[in-house]
Amino acid sequence: MKRAGFTMIELIFVIVILGILAAVALPKFIGVSEQAEAGKCDAFYGTLSRTVGPALWANMIANDLNASTAFTATTLAAQIDLPPNCGTAAQIIAGAVSGTDYTITLATVVYEVNATAAAISSAPNWAWSKQ
């Protein structure tokens, strides 16, 4: 009588092949969440520099306000949805008003946000870069 099933050698080959595939694929997935977090912050600062910052700055100029009243944490929080781990509203405002640079650490990687202070003729700008 023949019994259907796998022999021990076949099972060992399958386990060895799965181990090789796991050894090849696993390093590709290490650090994916940190890369995603950094990409989210990069997109946030790009959008902030291109849309929200100039809009707030134009509103400030139109209303004859100074930088400290245009860029407040309340105004900023009402205009944007600040992602977690991408800096604080106070850091963003300091960058707009005085051009203060700051660093953000995601996992073990340090990123620097270079902020240029706004002038009457140009809106503030934030640049995100890996240190």
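Which residue's side chain does the side chain of Glu37 join in a polar contact of 3.3 Å? I looked this up first, and the partner is Asn85.

**Entry: Glu37.** I am working from a predicted model. I placed Glu37 in helix H2. I then set aside its neighbours within four places in sequence and listed what else Glu37 is in contact with: Pro84, Asn85 and Leu106.

**Entry: confidence.** The average pLDDT is 81, and 86% of the residues score at least 70. Among the elements, helix H1 (residues 8-29) has the highest mean, 91. Helix H3 (residues 67-70) has the lowest, 53.

Entry: I traced the strands next. Three of them make an open sheet, ordered S1-S2-S3, with antiparallel pairing. Why is one side of S1 and of S3 left without a neighbour in the sheet? Strand S1 (102-106) and strand S3 (125-130) stand at the edges and each has a single partner strand, so one side of each has no neighbour there. From one strand to the next, I find an average twist of 25°.

**Entry: helix on the sheet.** I asked what packs on this sheet, and found helix H2 (residues 32-62). H2 touches S1, S2 and S3. Its direction makes about 160° with that of S3.

**Entry: strand pairs.** I took S1 with strand S2 (residues 109-116) to begin. Five bridges pair them in the antiparallel sense. Across this pair, Tyr102 stands opposite Val113 in S2, and Ile104 stands opposite Tyr111 in S2. The hairpin of S1 and S2 has two residues between the strands. There I noted Ala107, which takes a positive phi near 60°.

Then I moved to S2 and S3. They run antiparallel and are joined by six bridges. Ala115 stands opposite Trp126 in S3.

**Entry: the core.** Trp126 came up again when I looked inside. The largest nonpolar core has 19 residues. Which of them touch the most other members? I read off Tyr45, Leu48, Trp126 and Trp128. Two or more residues come from each of H2, helix H5 (89-98), S1, S2 and S3. H2 gives the largest share, seven residues.

**Entry: where I ended.** I came back to H2.

Key. Residues numbered from 1 in each chain as written. Predicted model: local features only at pLDDT ≥ 70, side-chain atom pairs only at ≥ 80, totals over all residues. Heavy atoms only, no water. Pairing = 2+ DSSP bridges. Helix = DSSP H or I, 4+ residues; strand = E, 2+ residues; numbered from the N terminus. Axes fitted to C-alpha atoms, helices over the stretch in contact; angles between N-to-C directions. Contact = heavy atoms within 4.5 Å. Core = buried A, V, L, I, M, F, W, Y, C linked by side-chain atoms within 4.5 Å. Buried < 20%, exposed > 50% of the residue type's maximum accessible area, 1.4 Å probe, protein only. pLDDT = per-residue confidence, 0-100. Polar contact = N/O pair within 3.5 Å; in protein donor to acceptor, adjacent residues only side chain to side chain.
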